[in-house]
Amino acid sequence: MRKEELLNDDFFKQFKSGKEFESFLSGLHKRGIEQMLEGELDHHLGYDKHAKSGHSNARNGYGSKTIKTGFGEARIDVPRDRDSSFEPVIVPKRKSLAEGIESLVISLYAKGMSNADIEEQLHEIYDFRLSTSAISRITDRVTEDIIAWQNRPLEEVYMIVWMDGIVFKVRENSRVVNKTVYIAVGLRRDGKKEVLGLWLGKNESASFWMSVLTDMKARGVKDILITATDNLNGFTDTIQNVFPQSRTQICVVHQIRNACRYVVWKDKKEFTADMKQIYDAPTREAAEAALNDFALKWEGKYAYAVKSWRDNWEGLTVFFDFPVEIRRIIYTTNLIENLNGKIRKYTRNKLSFPTDEAVMKSVYLAVREATKKWTRPVRNWGLILNQFLVIFADRVRL
């Protein structure tokens, strides 16, 4: 065994129990915070401790403060300056929580835990009490973030915008009603995805989507090359009223679900396999031929399903006008449905929300968690970008 390993083993053997080791870590964390505060004051004053300086402001002893950290409560020494202009960042004045605990509370809330659950979790794991009212005050600050985020400027052009709604139960006038959070995700010119906003309204409707699109335009969006939506009645007309040049693709996955709604279980496997021949066809003409074959086989038994394909045919086949790489990312709203699935995962513990603000706060935090990894362009972005530049040469400016 190497000497370094032996030293490490000897170091850990000094602790006779997990409680002793936890106490050591707590003391180490306390000293770490105090040293960071010393460093903050050095930076504020412009010179290190014990160094000579001609500045009028100088160190002025210490005050003490009890803070709550991930290791429980700790009494720390906070350095002071003579003119009281020092404002610590790691443990701000008039706050008893270290910054990491606030982040932890918000992260737990984002993952669907109630205030009471968070209180219990902090007590069990970190051995300190944080009241539900204090937790609520921490999460309420998110409302300010939502307002700023919802009103931020957007880019002038988005290559693709996916739009969908997700329904939640919210208390209103002593009743529980369904409300829809409208979500728009844009594909930027750098190939990265961005949630453009969240809007809360009653059940999904084309008229409400009009207000969503108008808001996006007011925040700087001048053009959307392609939109991907469900087949909500009037949605395509609504989009073209606000962004008249946009090409609107109806989600094929939504169409498949709608067509299967009245199909009996024993027929579904064969029925969906036959539908696949339509949207997997290489061209629009081949797709139309596949639809005719589909109709010959199933129209007698499931006339509504065939009619729904014919009624939405123009919107369902827009993707055939584009190369295969673009087709794959516009013929379905899977991207936004995956996001919706993660939102559902983080909010599933809440059977209903007490207020509109509560549902928006939870969904915003869930979105923030779910999109942390949206840091890279979509797959094959170099190729896809060149295709967009050729097809929309007069509308895309890099």
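**Note on salt bridges, cysteines and a surface patch**

1. Asp-267 is buried, at 7% relative accessibility. The model is a predicted one. Asp-267 meets the side chain of Lys-301 in a salt bridge, 2.7 Å from N to O. This pair links distant parts of the chain, 34 residues apart: Asp-267 sits in helix H10, and Lys-301 lies in the loop between helix H11 and helix H12. Lys-301 is partly exposed, with a relative accessible area of 48%.

2. Salt bridges with shared partners join Arg-152, Glu-155, Arg-188, Arg-189, Asp-190 and Glu-194 into one network. Within it, the side chains of Arg-152 and Glu-194 meet at 3.0 Å, N to O. Arg-152 is in the loop between helix H6 and strand S3, whereas Glu-194 is in strand S5, 42 residues apart. Arg-152 counts as buried at 17% relative accessibility, and Glu-194 counts as buried at 13%.

3. Lys-179 and Glu-172 form another salt bridge, with their closest N and O atoms 2.7 Å apart. Lys-179 is buried, at 5%, while Glu-172 is partly exposed, at 21%. The whole structure has 21 salt bridges.

4. Gly-191 lies in the loop between strand S4 and strand S5 and is buried, at 0% relative accessibility. Gly-191 and Trp-381 are 190 residues apart in sequence, yet their C-alpha atoms are 5.9 Å apart in space.

5. How many disulfides does the structure hold? The count is 0. Cys-251 is buried at 0% relative accessible area, and Cys-260 is buried at 9%.

6. Lys-342, Lys-345, Arg-348 and Lys-373 form a positive surface patch. Lys-345 belongs to helix H15 and is partly exposed, at 49%.

Methods
Residues are numbered from 1 along each chain as its sequence is written. This is a predicted model: local features need pLDDT of at least 70, side-chain atom pairs count only at pLDDT 80 or more; totals for chains, interfaces and linings use all residues. Side-chain values use heavy atoms; hydrogens and water are left out. Patches are made of residues with over 30% relative accessible area and no salt bridge: like charges are joined within 9 Å, nonpolar side chains (Val, Leu, Ile, Met, Phe, Trp, Tyr) within 5 Å. Accessible areas come from the Shrake-Rupley method with a 1.4 Å probe; for residues, only the protein chains shown count as cover. A salt bridge is a side-chain nitrogen of Lys or Arg within 4 Å of a carboxyl oxygen of Asp or Glu. Lys and Arg count as positive and Asp and Glu as negative; His and the chain ends are not counted. The place of a charge is taken as NZ of Lys, CZ of Arg, CG of Asp or CD of Glu. Helices (H or I, at least four residues) and strands (E, at least two) are DSSP runs, numbered from the N terminus. Buried means under 20% relative accessible area, exposed over 50%, partly exposed in between (1.4 Å probe, protein chains only). A disulfide is a pair of cysteine sulfur atoms within 2.5 Å.
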